[in-house]
Amino acid sequence: MANLHMVGQSVIRKDAWTKVTGQAQYASDVSLPGMLYLKIIFAGRPHARILSIDSSAALKQPGVVVVLTAADVPVNQRGLIIPDQQVFCAEKVRFVGDQVAAVVAETAEQATRAARLVKIEYEDLPVLDNPLGAMKTGAALVHEDKPGNICHQVRLRRGDVDAALAQADIIVEREYFTPMQEHAYLEPEGGLGYIDEQGRVTVRTSGQSTHDDLRQIAAALDLPQERVRVIYGAIGGAFGGREDVSIQIALALAAWKLQRPVKITWGRDESIIGHGKRHAIIMRHKWGARHDGTLIAAKVEIISDAGAYNYTSGDVLTNFRYAAVGAYEIPNVSMDGYAVYTNNVPGCACRGFGSPQATFAAEMQMEQLAEQLGLDPVTIRLQNCVRDGSMLATQSEIPRGVSLPKLIETCAHEIGAYRQAGGWRMPAASPAEERYKRRGIGIAAGMKNSGFGWGFPEGSEARVVLHGVAEIERAEVHTAAADVGQGAHSVLAQIAAEVLPIPLDRIEMVTSDTADSGDAGPASASRLTMFAGNAVKQAAEQALQRWRDEERPATGGGRWNAPPTTKPDPETGACINSISYAYGAQAVEVEVDIETGEIRIIKAVAVHDPGRAVNPQQVSGQLQGGIAQAQGWALTENFITQGGYVRTDRLSTYLIPTILDAIPDIKLVCLEEPDVVGPFGVRGVGEIGFIMLAPAIVSAVHNAVEVWFDRLPLTPERVLSALLPTSG
Amino acid sequence: MQEFYFESPPTLDEVCRRLSDTGGRLIAGGTDVIPQMQTGRFQADWLIDLSRVTELSYIAPKNGSIQIGGLTNYIKLINSPLLQAEGPLLVQAAELVGAVQTRYRGTLGGNIANASPAGDTLPPLLALNAAVTLVSTAGGRTIPLADLLQGPGQTALAPNEVIHHISFDRLPANATSIFLKLGNRRGMAISVVNVAVLLQVDQDNRVEEARIALGAVAPTPIRCPQAEAILKGQPLTETLIEATAESAKQECSPIDDVRASAGYRQHMVKVLVRRGLQMLGNKG
Amino acid sequence: MDNIVVNLTVNGQSYRGETRPNQTLLYLLREDLGLTGTKDGCSEGECGACTVLLDGEPVNSCLVLAGQADGREVLTIEGLAQNGALHPVQRAFVESAAVQCGFCAPGLIMSSVALLKRTPNPTAGEIRTALGGNLCRCTGYTKIVEAVQRAAEELKHG
């Protein structure tokens, strides 16, 4: 791509100044005169029938304005994909964070105090705290209309797996488990609801899609969508956890009912039980290969803990139809997947959308095969990984421009591996300083789709307005794309500035207000730079054309439609599942304390393909951030639930990496192989940094201590008990 | 947070008087009290603030002992040349308490009064045979720290008593000491196990004095008298170290919690005691 | 319960007001003074988003009672920039792209300012120790370390 002047520049992000001065306004930073405060009452128990709700004592408290319950909700249902949850539970509660009622009072303290006086009588029901138990015949039902507690079931059949397995020279069969993960965005949920100057019920909050929030609010309040408005200010991180609504509907309902501004701010403990988690998943893999390492068959069973409600469980599960086998081409694949209702906190979108879990299992299978066949980890990956012309498990050809083989080779070189006769030689780890420590090196690879795919009609809306008389003085870019911290607004401005003959500082971003902009689609699936980027590019090109046609101001825009994908065949899963992928390979060197089980990552190499980095500094930020979050998932983030109760509902018990834990030395290499769909060749990079770190760590630990781990996280205790099987 | 009356007197006398008059409770750095008030674990009708009584923030040698005022924060402990030279285990513990923000606000007296089984400065103070001097309107008394700590969050402090200072005898020149901490994360970790070891070894490699204290493995931080007895008078050999570490493991009584199992904790006591002794042995 | 009166200096300006005894300094800053740059991420001293300088020392303002701050000097993120010019630490965070969602940024910047006042030439290890109480979920911290190093350079030469 020749002569780009703005795309490819590490310009400073537009919101940096307001964020470093404290001027940026997050959800809880805005107030209105006369506003009330909302306190949501959680079930606080995992599974119970509601016998009665008595608000009378709470209503007598000073300052209390109203207590809202199911009876107050016009259409008492919510759900991003399917409406299987009530706004306020009427008959029963299905997890600890189910919302049962809400108190509105003059002050936050009054609302909190009164909430404790709302008397709710429950009759506890049997608790299903894991999917295997929930699938058993005779198990209690989380949803009465879902027999066997099956939330979703998906199938994939490619080739003849059983025949191929029968012919395999070697078979590796193992079961893996990956745990829930809390997103732990630094900003807990909050927001302000009010009636705007045009009478619309308005919610100003933090989310990932203004328009998805709006649709669910309008449906629950039984209002036409034009009478609802959703605005995002600065957003303190999201990572998938804000895809489903949390406080939005209750807040809108309170403001609508009272016709007064209402504010809510969740504490950290409310945030941790109140929004979904990365799905905990059991993955059973049986893979067959030839002596030379060629993969010929994979038979996979996936059991995902959907928790109490669907959220995006079906979609996460669907992604396994391509992701279950990692980034490898296997001619015979069968996959049966189940998302199972339990009384746990719902599983939801979380950076990678199933791919980190899937990749962990697939990469561990590759390591097992390599070990048993006496192959090195680089060769076996290069031999089987996707490349141009490869067919995915969905029996569709992977989009052209697959850079993965090159990324794996580069990563191997960077960590110190070299080619030798018959394959690659991995480097020896550096010697540890203490006699009770061992070091090891591991490598892993992966891919992640950009955009939803699977037949979902996808696109993004944007509008560009050019102002001026003789010359373009300034341009407005209108988009509802959510800047959750990834820098979307800045990158979209850069894309506009690439098209328009004006400097970046004359581009004004008008963002994230449903009253102003059409639906840009969510900040998810690594999609905004590609999809909203294409929409902004198209709008800017159109506006510029109209400017040249003498239109003043010149406006361009509308919806950019992505090339179509197709729905999977229910039996075989065959379809065109996605239009674009990001790729990566990572290697790490770890040090294991064999007496305590502690793991330290000494260094990492991450090689990725951003297609075309619009802003290289922001791209590296996404990758570094993904790596740190994956490190937490792999090592320290031990989300503990017991009988449906969350035992790690604070940042003192749920341990995300601190700066002292972060990998001190990460070498990032970006090789650009332009994508066919993304504007200027862009690929999505929001998730790919996360995808393959955990298996790289586990491989490195194996290299250090010769023990395999099939479960995450590798807490010191779990590591030690594997090293010392006899110890208490 | 619950409601309470609050006073912040400028002098120790006044703090003592108001504490007695109101039947209230003390707050110093607040790093434990405030989170516990948020969750309702700490309750008080009156809260008397000690944080202005700066006369209680000091580290000073006195008649063969070292005195540390109850309001001395962790940063001051870390930066004290006296403690760096004569109480390195306490400095090492202070360096690993919470994070910088906590080390500025949190105080040594607060760590004692909070009486967490995992309190990081407590095993070092136990190993130093520290005594705690308490004052109140009724006068003062000095009590060994080991007697003051009575259980998780429980001490022998009377409701109206204030920790005035902590003191311990200065150690002979051949004393060495170390603090080791194991957490589930490197930064801002709460101890899964912590260990303080203090050793005096003579010129013939014979142990003159050995003190071993453990944290997070019993209702209070504890000393290990049997392990110490194994060492005393003996040459510091690998075999002896192993036996000592095993004894320490037997002397603790940890529980399972969200951070680790009892079995892991017990095993870690052995590992850390062994490491501590080996490190000190190598130094000497 | 009786309200208490507090007098403090915030960002160089004196403030006098009544507050509930059970309010934290964080609450006072955000709700009574409208200084919402200081963030509430956990209310228990685990995330560092509420870090301010109290008499020059970095503290979690969620763990200081408003009454304990009476008579003291508080510096918040809003008080760093002088006459519209960013403090070198703020500028370094901008230039190093150390800010993504930015919710942790005010706390991290205040901790960094405190560090550089006492340790003008910090090692990477000293930077990590000084910022060990400030969680960030977006950046992976690499660019934050770079930003503090950049600020140290600038303060040395500027």
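This is a predicted model: local features need pLDDT of at least 70, side-chain atom pairs count only at pLDDT 80 or more; totals for chains, interfaces and linings use all residues.
**Notes on strands, salt bridges and cores**

1. What does the side chain of A:Lys92 meet in a salt bridge? The partner is A:Glu144, at 3.1 Å from N to O. A:Lys92 sits in strand 4 of chain A, while A:Glu144 is in the loop between helix 4 (131–135) and strand 7 (150–158), so the pair ties together parts that are 52 residues apart in sequence.

2. A:Glu144 also has a salt bridge with A:Arg94, here at 3.7 Å, N to O. Because A:Arg94 belongs to the loop between strand 4 and strand 5 (99–105) of chain A and A:Glu144 to the loop between helix 4 and strand 7, this pair ties together parts 50 residues apart in sequence. A:Arg94 counts as buried too, with a relative accessibility of 12%.

3. Now for the strands. Strand 4 of chain A (residues 92–93) pairs with strand 2 (residues 48–54) in the antiparallel sense, over 2 bridges. In that pairing, A:Val93 of strand 4 is the bridge partner of A:Ala48. Strand 2 also runs antiparallel to strand 6 (residues 119–124) of chain A, and 6 bridges join them. To find your way there, look for A:Ser52, which stands opposite A:Glu121 in strand 6.

4. Back to charges: the whole structure has 73 salt bridges over all chains. One of them joins the side chains of A:Arg13 and A:Asp15 at 2.8 Å, N to O, and both of these residues are buried. There is also a network of salt bridges with members from chains A and B. It links A:Arg435, A:Asp593 and A:Glu595 with B:Glu242, B:Glu246, B:Lys270, B:Arg274 and B:Arg275.

5. Which residues have the most contacts inside the largest nonpolar core? They are A:Leu38, A:Leu466, A:Leu500, A:Ile507 and C:Phe93, in a core of 168 residues. Helix 14 of chain A (residues 528–548) gives the most to this core, with 11 residues. Leaving aside residues up to four places away in sequence, A:Leu500 touches A:Val464, A:Leu466, A:Ala475, A:Ile507, A:Ala540 and A:Leu544.

6. As background, nonpolar side chains tend to be buried together in soluble globular proteins.

Definitions and conventions
Residues are numbered from 1 along each chain as its sequence is written. Chains are lettered from A and ligands numbered from 1 in the order in which they are written. Side-chain values use heavy atoms; hydrogens and water are left out. Two strands pair if DSSP finds at least two bridges between them. Helices (H or I, at least four residues) and strands (E, at least two) are DSSP runs, numbered from the N terminus. A salt bridge is a side-chain nitrogen of Lys or Arg within 4 Å of a carboxyl oxygen of Asp or Glu. Buried means under 20% relative accessible area, exposed over 50%, partly exposed in between (1.4 Å probe, protein chains only). A nonpolar core is a set of buried Ala, Val, Leu, Ile, Met, Phe, Trp, Tyr and Cys residues joined through side-chain atoms within 4.5 Å. Contact means heavy atoms within 4.5 Å.
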